[in-house]
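Please look through the sequence and the structure shown below. The paragraphs after them take up a few places in turn.

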Amino acid sequence: QENAYMLGNLSVTIHGEIYNSQDLKATLEKSGYKFNTTTNPELVATAYREWAEGCPKRFNGEFSFCVYDKEKEQLFLARDHVGRNHLFYSHHLGRFIFSSDLKSIIDTPGFAKGVNLRALNYYLALRCTPQDYSIFKNVNKLPAGCSLIFNIKTKRIQVSQYWNPDTTEPIEADEYDVLEELETIMNEAVKIRMNNGESPGSFLSGGIDSSFVLALLCKRTSKKIKTFSVGFHEKKHNEIPYSRIVANYLGTDQKEYILEPDFDSVLEAASVYFEPLADPSIVPTYYAAKLAGEHCQTVFSGDGADSLFLGMNSYYWGKRFGEIKSHLTPPVNWALGKMAKILSEKSNLRLLLQDITPEEFFVMNGTYFSAPLR
C-alpha cells in the first residue's frame, strides 16, 4: 500500500507528503541504504533506521506517521512542524488508539463519547480547541512539531517537541533585500510542491496572499492554471470581482461558484470537520475545494499568511494599544483601570481602559465569550 511499509522489524503508516524526499533518499543512499519503492512509508522507515527519533527534523512536508519498532517494543508517532496534518490519539482503559482522523477514533467499538468541558471552554473563548486538547474526553491532539513514544510494555506515553520556530530578535535589513529573500523562499516552497508532475490548481480570492502564490505558480509552468473562487450575492462580501482581475492578468482558467444563503450549505461544510470551528471562512473554503475537486488533484492556497505576516486587525490594535499605554504614567493607567471596572463587560471602552499589557490586550481582544458567559 502507498501509506504503509514493513522494513525488517519496523512497520510504518503515514498520512501526508514529504516534499524533500528526493534529497533525503540521496543522502541515505550515500550511507549505503537501498530503496525498493518510491513511497513515503519506505522513506520514513529508512530514515528512522538511520536517525531514530530524530528523523522528523529531517523532513520537509505535511505529515503524520507512526513507526512500530518491534525490537524496542514501542510506537513512535510524529506530526509535521507546523501541524498541517492532524494526529489524534487516545490512551484510556488500557487501549492506545491513534489516527489522522478523529472520527475513526470515536467510532471505535467501545469508545465512550463525551464532551471535554475544558476544551469546550477554550472553544467558546477562542472559537477553536487549541494545542493538545480535543472536543472529546480521552482524546488528545499531538501538538505541531512534536513526537510521541508509546511504550508497549509499560503503557507509558512520552511527548517531546522536536521543532520550534526561530524566535530570535529580527535582523535589521534593507526592505528590498528582505523582499528578495522572501520571494526566493516562496519560490522554493512552490517548486517542491510541484514535483509530482500534476497540473495544479489554485484557490484565488484576489487578495495579496493567494494572488502572490498564484503568480509564483504561473512562473513555474507553461500550463494554464485553473483557479477557483467562491462569491456571494451580497456585494459587500463578494470577492469575485477582485479574483477576476488577477485571473485575467495572469491568464488563468477561472472557475467560480456563488454560495447561496441557506443553512444546508453551512451544515454540509461543517460535516467534513473533525471538531467545532467557529470560523465563517470554512464554508466558502469548503465549496472552493469541492469545485476544485472536479478539475484537479492538487490545489495551492494562500492560507496562513495572516498569522505569518500579522495581517489581521487584532495584530495592529495590539501594537497600537502598547504604543498608547507607553505614553501614560502608572498613576493614570491605574486610574483608568479603576474606571474600566464600572463599565459593562461588553463595552469596547472597558478593554481599552484596563491596566493590562499589550499581550493581555491582544488575547482579551481575541476572546469571543467572556468568562462569566462561558
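**A walk through the model**

At 2% relative accessibility, Thr46 counts as buried, where buried means under 20% relative accessible area, exposed means over 50%, and partly exposed lies in between (1.4 Å probe, protein chains only). This is a predicted model, in which local features need pLDDT of at least 70 and side-chain atom pairs count only at pLDDT 80 or more, while totals for chains, interfaces and linings use all residues. Residues are numbered from 1 along each chain as its sequence is written, and side-chain values use heavy atoms, with hydrogens and water left out.

Thr46 belongs to helix α2, residues 40–51. Helices (H or I, at least four residues) and strands (E, at least two) are DSSP runs, numbered from the N terminus. Leaving aside residues up to four places away in sequence, Thr46 touches Leu7, Leu28, Tyr33 and Phe35, a contact being heavy atoms within 4.5 Å. Leu28 is 18 residues from Thr46 along the chain, and their C-alpha atoms are separated by 7.8 Å. Phe35 also has a charge over its ring: the charged end of Lys25 sits there, 5.7 Å from the ring centre. For this, NZ of Lys or CZ of Arg must be within 6 Å of the ring centre and within 35 degrees of the ring normal.

Next come the aromatic rings. A pair of aromatic rings is described by the distance of the centres and the angle of the planes. Rings of Phe, Tyr and Trp (its six-membered ring) pair if their centres lie within 6.5 Å; planes under 30 degrees apart count as stacked, over 60 as edge-to-face and the rest as tilted. A search of the whole structure finds 16 aromatic pairs. In one of them, Phe59 and Phe63 have ring centres 5.7 Å apart and planes at 90 degrees, so the pair is edge-to-face. Both Phe59 and Phe63 are buried. The rings of Tyr316 and Trp317 have centres 5.1 Å apart and planes at 75 degrees, so this pair is edge-to-face. Tyr316 is partly exposed, with a relative accessible area of 44%, and Trp317 is partly exposed at 47%. Phe59 and Phe63 also belong to one aromatic cluster with Tyr48, Phe65 and Phe76.

Strand β3, residues 61–69, contains Ser64. Is Ser64 buried or exposed? Ser64 is buried, with a relative accessible area of 4%. A polar atom of its side chain lies 3.1 Å from the backbone oxygen of His86. A polar contact is a pair of N or O atoms within 3.5 Å; within protein, one must be able to donate a hydrogen and the other to accept it, and residues adjacent in sequence count only if both atoms are side-chain atoms. Not counting residues up to four places away in sequence, the residues that Ser64 touches include Thr13, His15, Arg79, His86 and Ser100.

Strand β5 (residues 88–92) pairs in the antiparallel sense with strand β6 (residues 95–99) over five bridges; two strands pair if DSSP finds at least two bridges between them. Ser90 has Ile97 in β6 as its bridge partner. The two strands form a hairpin with two residues between them, and Leu93 in the turn has a positive phi of about 50 degrees. Most residues other than glycine have a negative phi, and most peptide bonds are trans. Leu93 is exposed, with a relative accessible area of 77%. β5 also pairs with strand β7 (residues 140–141), again in the antiparallel sense, over two bridges, and Phe88 stands opposite Lys141 in β7.

Cys146 stands opposite Gln161 in β9. There are five residues between the strands, and Lys155 takes a positive phi near 65 degrees.

Further along, Leu310 lies in the loop between α10 (305–308) and α11. Leu310 has a positive phi of about 55 degrees although it is not a glycine, and Leu310 is exposed, with a relative accessible area of 54%.

Which residues of helix α12 (residues 330–340) are buried? They are Asn333, Gly337 and Ala340. These residues cover an arc of only 55 degrees around the axis, which puts them on the same side of α12; the arc is that of the directions from the helix axis to the C-beta atoms. An α-helix has 3.6 residues a turn, so residues three or four places apart point the same way. On the other side of α12, Pro331 and Trp334 are exposed. The cover over the buried residues of α12 includes α11 (313–326) and α13 (348–353).
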